[in-house]
Amino acid sequence: MKKNQEQNFKLFYNNRKYLLFTVLLIWLCGVLALFVIKPQLAKIKEIRSEHGEKNSELELLVHKRRELAQVLTSDEFQKKEKVDEVLPSHKPLLELLTNLNQAAKKTKISFVNLELNPGLIASPAADLNLEDKNTSTRTRQAKKSTSNTNKNYDYIEVSLAIKGQTQNVEEFMRVLEKIAPLTTITDFNINNQEKTRQELQSSTAADLSQVSTATMTILTYYYTQTIKISSSSRMPSVGEEELAIFEKIQELLPSDFQMQTTLQSTDLEDIFGIENLVEKMK
Amino acid sequence: MIDINFLRYQKQALTKQAKKDKQIFKISVGITIATVLLSLGLIGLTFFLNNHTGKITQKISLTTEEIEKYKETEASYIFLINKLKIIRELFELRADKQAAIHFFDNLFPADVEISGIRYEIEEGILSLKITSPHIFRLEEVFTILKEPNIKKHFLTMNRSNLKREQNAKYSFQLVLSLDKNSDLISYD
């Protein structure tokens with residue numbers, strides 16, 4: 001029986017060996033198509049898609065690198081100190097007080113009353129704290145804002161009463177709104193004091209102008225927004241309106257405020273009793 | 001003796017079949033070679049693309065490193081742009097107030113004063129306290145305020161709280177909100 005089978009196979013092989021080889025080759029083609037061509041095609045498709053994404057990412061990064069290099073030489077960036085001066089990243093309490101003094105000196109008015117509640121005073125290094133590396137861009141709501149909209153700024157509110165000649169009081173208001181940091185008067189009341197006949201008779205020609213007292217509430221703004229930086233994020237663009245404002249703020253009067261960076265005097269008493277403290281400071 | 005070939009027709013059939021098989025075999029060899037070449041080509045292409053993608057990844061890393069060096073510049077620039085946007089917003093808000101005060105200051109007779117201002121910056125509502133030296137001047141002011149040329153600049157304009165002060169002057173509150181499209185607004 002077995003012998004017959006062998007003979008039959010030999011007979012079949014001798015007569016149809018090409019058919020047998022053809023079947024083997026077709027089987028080989030099937031194997032190649034299934035285990036080589038199909039996976040390779042899928043892989044190529046995947047790589048091409050990844051390739052496209054990476055190309056776009058690279059283009060974006062190259063574009064960003066070029067933009068960053070341009071930013072360094074741009075006019076806006078060169079004059080960014082002015083923008084920081086107009087809208088500082090810390091509570092501009094000292095700047096505000098200096099400005100009030102500056103405006104008062106310039107317009108020859110005197111302060112009758114001054115009330116403010118600045119709360120916590122941020123350090124000048126607040127700029128660095130505003131950089132949010134881990135979370136998406138957040139905004140902080142203005143504490144005293146009455147609306148529900150998110151604000152990227154806050155303000156210090158100061159109530160003050162001033163006294164001076166009417167035109168000087170009006171000039172004080174104008175000057176105050178033109179000094180950096182950005183300040184606006186939100187509440188204002190003026191009382192013109194009529195001079196009595198006796199006062200008019202005793203006053204000199206220079207004093208003939210009317211004296212006014214004014215109470216006002218002013219707001220000085222500062223920046224509070226945090227930002228997220230990632231190398232793939234796009235650079236923000238400057239619109240026409242922002243450029244117009246950039247030109248406009250150059251016209252604002254500079255504040256007389258100067259950050260104190262050196263010790264003015266070392267004539268101090270060692271109130272804490274720390275050994276050699278005064279000598280060290282000297 | 002005569003030779004009789006009983007398998008003559010069978011041999012002819014087998015020869016014919018063998019020829020046909022050979023032809024099919026040749027075709028299948030061609031297909032197999034094509035398949036092998038295609039497989040090799042695809043493997044080569046995969047290798048090339050992988051290599052190219054690797055080079056792009058490398059370039060991305062290098063560029064990212066370069067950008068990282070500019071990180072502080074980028075942060076400063078973003079702060080600058082954000083600040084400019086906020087300043088523009090604040091200038092717009094206070095421009096309403098400044099425009100209205102300037103407008104009324106020039107509109108009213110010289111002896112009529114703006115003696116008080118209250119500005120609700122979020123809502124854009126401005127209250128002005130107008131003081132007139134006598135009742136006739138006050139009537140003049142009311143006539144001016146009724147003019148359509150004046151009203152057109154404001155979305156709302158209401159008068160209230162008319163009173164005679166202790167110093168015999170007359171005052172009233174003028175509450176208004178400026179039309180954003182009004183040509184009065186400028187960022188001065």
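I take a salt bridge to be a side-chain nitrogen of Lys or Arg within 4 Å of a carboxyl oxygen of Asp or Glu. With that rule I looked up Lys83(B) and Asp84(A), whose side chains meet in a salt bridge at 2.8 Å, N to O.

**Basis.** I note that this is a predicted model, in which local features need pLDDT of at least 70, side-chain atom pairs count only at pLDDT 80 or more, and totals for chains, interfaces and linings use all residues. Residues are numbered from 1 along each chain as its sequence is written, chains are lettered from A and ligands numbered from 1 in the order in which they are written, and side-chain values use heavy atoms, with hydrogens and water left out.

**Interface of chains A and B.** I found 71 residues of chain B in contact (heavy atoms within 4.5 Å) with 84 residues of chain A. The two chains bury about 7300 Å² between them, 69% of it on carbon and sulfur atoms; buried area is the accessible area (1.4 Å probe) lost on putting two parts together, summed over both. Of the area that chain B buries against chain A, Tyr77(B), Phe79(B) and Lys83(B) supply 9%, more than any other three residues.

**Salt bridges.** I then looked up Asp187(A), which forms one with Arg118(B), the closest N and O atoms being 2.3 Å apart. Asp187(A) lies in strand β3 (residues 183-193) of chain A and Arg118(B) in strand β1 (residues 113-120) of chain B, so the pair joins two chains.

**Strands of chain A.** I use DSSP runs, numbered from the N terminus, for helices (H or I, at least four residues) and strands (E, at least two); two strands pair if DSSP finds at least two bridges between them. Strand β2 (residues 153-165) pairs in the antiparallel sense with β1 (residues 110-116) over 6 bridges, and Leu114(A) has Leu160(A) of β2(A) as its bridge partner. β2(A) also pairs with β4 (residues 211-223) over 13 bridges, again antiparallel; here Ser159(A) stands opposite Thr217(A).

**Helices of chain A.** I find α4 (residues 93-107) and α6 (residues 166-176) packed at about 145°, their axes 9 Å apart. Axes are lines fitted to C-alpha atoms, for helices over the stretch in contact, and angles run from 0 to 180 degrees between N-to-C directions. Contact residues include Leu100(A) and Ala103(A) of α4(A) and Phe172(A) and Val175(A) of α6(A).
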